[in-house]
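Hi everyone, thanks for making the time.

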Amino acid sequence: MRQGKYLSEFKQKRYTSTLVRAIKQAAGSMPITLMEVCGTHTVAIYRYGINTLLPPSIEILAGPGCPVCVTPNEFIDRAITYSQKERFIIVTFGDMMKVPGSRSSLVREKGRGADIRIVYSALEALDIAAASSGQEVIFLAIGFETTAPTVAAAVQEAKKRHQGNFHILCEHKVLPPALRAIVEGGELRMQGLICPGHVSVVTGLRIYEFLAHDYGIPCVVAGFEPVDILKAIHLLVSMVISGEARVANEYSRVVLTEGNQRAQQLMQEVFEPCDATWRGLGTLPLSGLRLRPEYGEFDANRVFPVTIDPPREHPQCICGDVLRGTKRPTECPLFRGECTPETPVGACMVSSEGNCAAYYKYRVDK
Ligand code: SF4
């Protein structure tokens, strides 16, 4: 199928070859470690073989950019507990279904008869609530700054409609505290950041400035086509070599410097910052979002408090290390053996944007 104008241009070999040559020339033999924190970048890098085009001295690590992957077992256990109650309908994005919790998964509970439904947006969950009087609907609200505004809009709409049986189990997260934790953790030396295009559409560029100013780490917002990613890598490598640290936007056809201010306002109206737990990073101050008190009637945790057993992880799964960029999926003893996309042991093998799933699908060996 012929690709539309403005997209095919970003895949053309004559541009990618020129960029690869420019990267090699700029980098020389200096070892450079870059990180990306977006599941879509993870997949694009392996799908287009960008990792194989770069000189061996340039390493690109995948950080905690897959929202399903960073969601801790405790959240899944809590959702499963609700799903086992009479009159409760759990509504979720499809990626969450197969994520293993401590003792079960949503897909397993659905097989046992729980009413668990897949949607593409929070507004669909609101429609399910409208059609389900006498039942309680809980939408599993996960994701970064990209999805939080859409959930905020659904919550405001629920308030307007007085939809009292609509609730969210809120696990939204914001990226900057996770980036700070990785840099301050000191386990790896991130010299440049490929910033996530989707998150940046909402937030704009300002959220990355602390990395450049406080830690001297250059940041480049990138799109998802090969030319986008290679341009970002070239600019980052050039900045690392010259000792320059600033935030640049290589995705200006989509991302504005100030982001989407209406979406930011929506988030601020409905959510407030809270501490949040990340798989692999632990509990980070003010890295999550929770409903403001005026929207408390839609907060599943508040309206239907439940107690769950202490969460537990598979002892051999190294998802936490993979999400911090300190280990590769191929270092996991379960990778491609016990753990595959059909039989996932950890979250990073479930989501199509997970690092383990990308390694598996695109046969990455190192
Ligand atoms: S291969 Fe499976 S078990 Fe190993 S880290 Fe990835 S998700 Fe966890």
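Let's begin with a helix pair. Helix H7, residues 122-130, packs with helix H8, residues 148-161, at an angle of about 25°, and their axes are 8 Å apart. That makes H7 roughly parallel to H8.

Before I go on, some housekeeping. This is a predicted model, where local features need pLDDT of at least 70, side-chain atom pairs count only at pLDDT 80 or more, and totals for chains, interfaces and linings use all residues. Residues are numbered from 1 along each chain as its sequence is written.

Helices (H or I, at least four residues) and strands (E, at least two) are DSSP runs, numbered from the N terminus. Axes are lines fitted to C-alpha atoms, for helices over the stretch in contact, and angles run from 0 to 180 degrees between N-to-C directions. Under 35 degrees counts as roughly parallel, over 145 as roughly antiparallel, 65 to 115 as roughly perpendicular, and the rest as oblique.

Back to our pair. Which residues make the contact? From H7 we have Ala122, Leu123, Ala125 and Leu126, and from H8 there are Thr150, Val151, Ala154, Glu157 and Ala158; contact here means C-beta atoms, placed from the backbone, within 7 Å. By class, the residues of this contact are seven nonpolar, one polar and one charged. For those classes, Ala, Val, Leu, Ile, Met, Phe, Trp, Tyr, Cys and Pro count as nonpolar, Asp, Glu, Lys and Arg as charged, and the others, Gly among them, as polar.

H8 has another partner. The axes of H8 and helix H13, residues 261-270, come within 8 Å and cross at roughly 55°. That makes H8 oblique to H13, and the crossing is left-handed. On the H8 side, Ala148, Pro149, Ala152, Ala153, Val155 and Gln156 meet Ala263, Leu266, Met267, Glu269 and Val270 of H13. This contact has nine nonpolar, one polar and one charged residues.

Four strands form an open sheet in the order E4-E3-E5-E6, with parallel pairing; strands pair if DSSP finds at least two bridges between them. At the edges sit strand E4 (116-118) and strand E6 (166-172), each pairing on one side only. From one strand to the next, the twist averages 25°. Strand E5, residues 136-143, is joined to E6 by seven bridges, and the two run parallel. Gly143 stands opposite His172 in E6. H8 packs on this sheet, touching E5 and E6, and its direction makes about 155° with that of E6. H7 lies across strand E3 (88-92), E4, E5 and E6, running at about 175° to E5.

On to the other sheet. Five strands make an open sheet in the order E2-E1-E7-E8-E9, with parallel pairing. Its edge strands are E2 and strand E9 (247-249), each pairing on one side only. Neighbouring strands here are turned by 20° against each other on average, direction ignored.

Is strand E1 enclosed or open? Four of the five residues of E1 (residues 32-36) are buried, so E1 is largely enclosed by the rest of the structure. A residue is buried if 20 or more other C-beta atoms lie within 10 Å of its own, exposed if 12 or fewer, and partly exposed in between. Five bridges join E1 to strand E2 (residues 58-62), running parallel, and Ile32 stands opposite Ile58 in E2. Three bridges join E1 to strand E7 (residues 192-195), again parallel. Glu36 is worth a click: Glu36 stands opposite Ala62 in E2 and opposite Ile194 in E7.

Helix H12 (226-242) lies across E1, E2, E7, strand E8 (219-221) and E9, running at about 155° to E7.

Last stop, helix H2, residues 39-47. Seven of its nine residues are buried, so H2 is largely enclosed by the rest of the structure. Those buried are Gly39, His41, Thr42, Val43, Ala44, Ile45 and Tyr46. What covers them includes E1, helix H3 (50-53), E2, E7, H12 and helix H16 (355-361). Just after H2, Gly49 takes a positive phi of about 70°.

That's my tour, and I'm happy to take questions.

Key: Contact = placed C-beta atoms within 7 Å. Left-handed = near helix turned anticlockwise from the far one by under 90°.
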